[in-house]
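Here is my note on the model you sent. Please keep the structure open while you read.

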Amino acid sequence: MTATYVPPSALKSRLMTALGLQSGNPSHEAVYLAVKAECATAYEATCGNRANLRPEFSRVADKFTYNQMKESAIDNAIVQIYRSAQPNVRLWYDSWGVDGTSSNFIIRWFLYHLFRNRDARNDRKAKSMDFHADDDDEDSE
């Protein structure tokens with residue numbers, strides 16, 4: 001099943017539908033969490049390198065936003081996530097019809113939401129040790 005494009009700002013429920021996954025289905029939630037875990041590792045690496053910031057944001061405090069990052073940094077993170085994906089996750093990417101280029105909207109969606117839910121505007125979620133704290137479906141479209 002080739003996934004239908006979903007913009008980064010879309011709700012989790014919309015992404016799940018586009019991927020043919022159902023919220024509440026344990027095996028589908030496991031797929032979601034596996035992709036999220038791989039993206040979270042790249043998110044941390046991307047945020048850990050201030051060279052990834054756009055020049056006008058080079059002096060901002062930690063907890064960067066998605067828009068403060070260079071587009072090339074996001075693109076490189078997407079490619080790296082795909083290349084280092086575990087075999088079971090890679091099978092899902094392939095079944096969804098996405099590849100390891102920066103046009104991979106699924107990985108871009110996860111990165112966007114990791115930034116959105118962990119930046120300074122969301123201190124409660126960012127400080128939470130609960131991996132699922134940023135899984136709410138309260139985002140605006």
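What share of the 141 residues of the protein counts as buried? The share is 46%. Keep in mind that this is a predicted model.

1. Confidence. The mean pLDDT of the protein is 86. A score of at least 70 is reached by 84% of the residues. Among the elements, helix α3 (residues 71-83) has the highest mean pLDDT, at 96. Helix α6 (residues 123-127) has the lowest, at 50. Where pLDDT is low, the predicted coordinates should not be read in detail.

2. Overall layout. The protein has six helices and zero strands. Along the sequence the pattern reads α-α-α-α-α-α. Take the contacts with a separation of 6 or more: 57% of them join residues 24 or more positions apart. The protein exposes about 7,500 Å². Carbon and sulfur atoms supply 52% of that area.

3. Helix α2 against helix α3. Helix α2 (residues 26-47) packs on α3 at an angle of about 140°. The two axes lie 10 Å apart. The crossing of α2 and α3 is right-handed. On the α2 side, the residues are Glu 38, Cys 39, Ala 42 and Thr 46. On the α3 side, they are Ala 73, Ala 77 and Ile 81. By class, this contact has five nonpolar residues, one polar and one charged.

4. Helix α3 against helix α4. Helix α4 (residues 87-96) packs with α3 at about 115°, and the axes are 9 Å apart. From α3 come Ile 81, Tyr 82 and Arg 83. They meet Arg 90, Tyr 93 and Asp 94 of α4. The classes here are three nonpolar, no polar and three charged residues. Note Ile 81: this α3 residue takes part in the contact with α2 and in the contact with α4.

5. Met 1. This residue sits in the segment before α1 (12-18). Is Met 1 buried or exposed? Met 1 counts as exposed because its relative accessibility is 55%, and the cut-off for exposed is over 50%. Met 1 and Ala 18 are 17 residues apart along the chain, and their C-alpha atoms are 9.7 Å apart.

6. Phe 105. This residue belongs to helix α5 (residues 105-118). Phe 105 counts as buried because its relative accessibility is 10%, and buried means under 20%. Which residues does Phe 105 contact, leaving aside neighbours within four places in sequence? They are Ala 3, Thr 4, Tyr 5, Val 6 and Val 98. The C-alpha atoms of Phe 105 and Pro 7 are 7.2 Å apart, although 98 residues separate the two in sequence.

7. Lys 63. Look at the backbone here. Phi of Lys 63 is near 70°, a positive value in a residue other than glycine. Lys 63 lies in the loop between α2 and α3. With 33% relative accessibility, Lys 63 counts as partly exposed.

Methods
Residues numbered from 1 in each chain as written. Predicted model: local features only at pLDDT ≥ 70, side-chain atom pairs only at ≥ 80, totals over all residues. Heavy atoms only, no water. pLDDT = per-residue confidence, 0-100. Helix = DSSP H or I, 4+ residues; strand = E, 2+ residues; numbered from the N terminus. Axes fitted to C-alpha atoms, helices over the stretch in contact; angles between N-to-C directions. Left-handed = near helix turned anticlockwise from the far one by under 90°. Contact = heavy atoms within 4.5 Å. Nonpolar A, V, L, I, M, F, W, Y, C, P; charged D, E, K, R; others polar. Buried < 20%, exposed > 50% of the residue type's maximum accessible area, 1.4 Å probe, protein only. Areas by Shrake-Rupley, 256 points an atom, 1.4 Å probe, with all protein chains shown as cover.
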